[in-house]
Amino acid sequence: QVQLVESGGGLVQPGGSLRLSCAASGSIASIFSISTWNWYRQAPGKERESVATITNTGSTNYADSVKGRFTISRGNARNPVSLQMNNLKPEDTAVYYCDADRQRLRSGSWGQGTQVTVSS
């Protein structure tokens, strides 16, 4: 199983940008075997939602609320996925999590994530 730690969150004004990173640990073979990487977010009092997905073929998918503003991309084995967030809005405020082949979604164990707060 791959262990994941998110970073890059913070406080930003509306219209600002942040880049989230996801660090992976575990065997390189396990990391390379991942076929789908996801970013999720959970705002206070709301359900966790999928924000963006990228497959090992480079195919991407985004929630309607972030299309045109967020970009998910692949990286190297130890930092396999990132999320560039532009033109941030207050409604983007949430804790953001990465996931590998939905292992966290299936296990229910999410870790701390990284907090993104968009506020003036």
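Helices (H or I, at least four residues) and strands (E, at least two) are DSSP runs, numbered from the N terminus. With that in mind, let us walk through the chain. This is a predicted model, in which local features need pLDDT of at least 70 and side-chain atom pairs count only at pLDDT 80 or more, while totals for chains, interfaces and linings use all residues. Residues are numbered from 1 along each chain as its sequence is written, and side-chain values use heavy atoms, with hydrogens and water left out.

Start with the overall picture. The chain holds two helices and 10 strands, and if you follow the sequence they come in the pattern β-β-β-α-β-β-β-β-β-β-α-β. Along its principal axes, the C-alpha trace spans about 45 × 25 × 20 Å. The radius of gyration is taken over C-alpha atoms, and the globule rule is 2.2 Å times the number of residues to the power 0.38. For 120 residues, a compact globule would have a radius of gyration near 14 Å, and the chain has 13 Å, which agrees.

How much of the chain is buried? Here, buried means under 20% relative accessible area, exposed means over 50%, and partly exposed lies in between (1.4 Å probe, protein chains only). Of the 120 residues, 42% count as buried. Accessible areas come from the Shrake-Rupley method with a 1.4 Å probe, and for residues only the protein chains shown count as cover. The accessible surface of the chain comes to about 6,100 Å², and 47% of this belongs to carbon and sulfur atoms. A contact means heavy atoms within 4.5 Å. Among the contacts in the chain with a separation of 6 or more, 54% come from residues 24 or more positions apart.

Now for the sheets. Strands of a sheet pair through backbone hydrogen bonds, either parallel or antiparallel. Two strands are said to pair if DSSP finds at least two bridges between them.

E1 and E3 pair in the antiparallel sense over five bridges, and Val5 has Ala23 in E3 as its bridge partner. Strand E1 (residues 3-7) has a covered face, made of Leu4 and Glu6, and an uncovered one, made of Gln3, Val5 and Ser7.

Is Tyr97 buried or exposed? At 8% relative accessibility, Tyr97 counts as buried. Leaving out residues up to four places away in sequence, Tyr97 touches several others, including Glu6, Trp39, Arg48 and Trp110. Tyr97 and Ser21 are 76 residues apart in sequence and 9.6 Å apart in space, C-alpha to C-alpha.

A search of the whole structure finds one disulfide, where a disulfide is a pair of cysteine sulfur atoms within 2.5 Å. The disulfide joins Cys22 to Cys98, with 2.1 Å from S to S. Cys22 lies in strand E3 (residues 18-25) and Cys98 in strand E9, so the pair ties together parts that are 76 residues apart in sequence. The torsion about the S-S bond is about 65°, so the disulfide is right-handed. Both Cys22 and Cys98 are buried.

Gly58 is found between strand E5 (49-55) and E6, and at 44% relative accessibility Gly58 counts as partly exposed.
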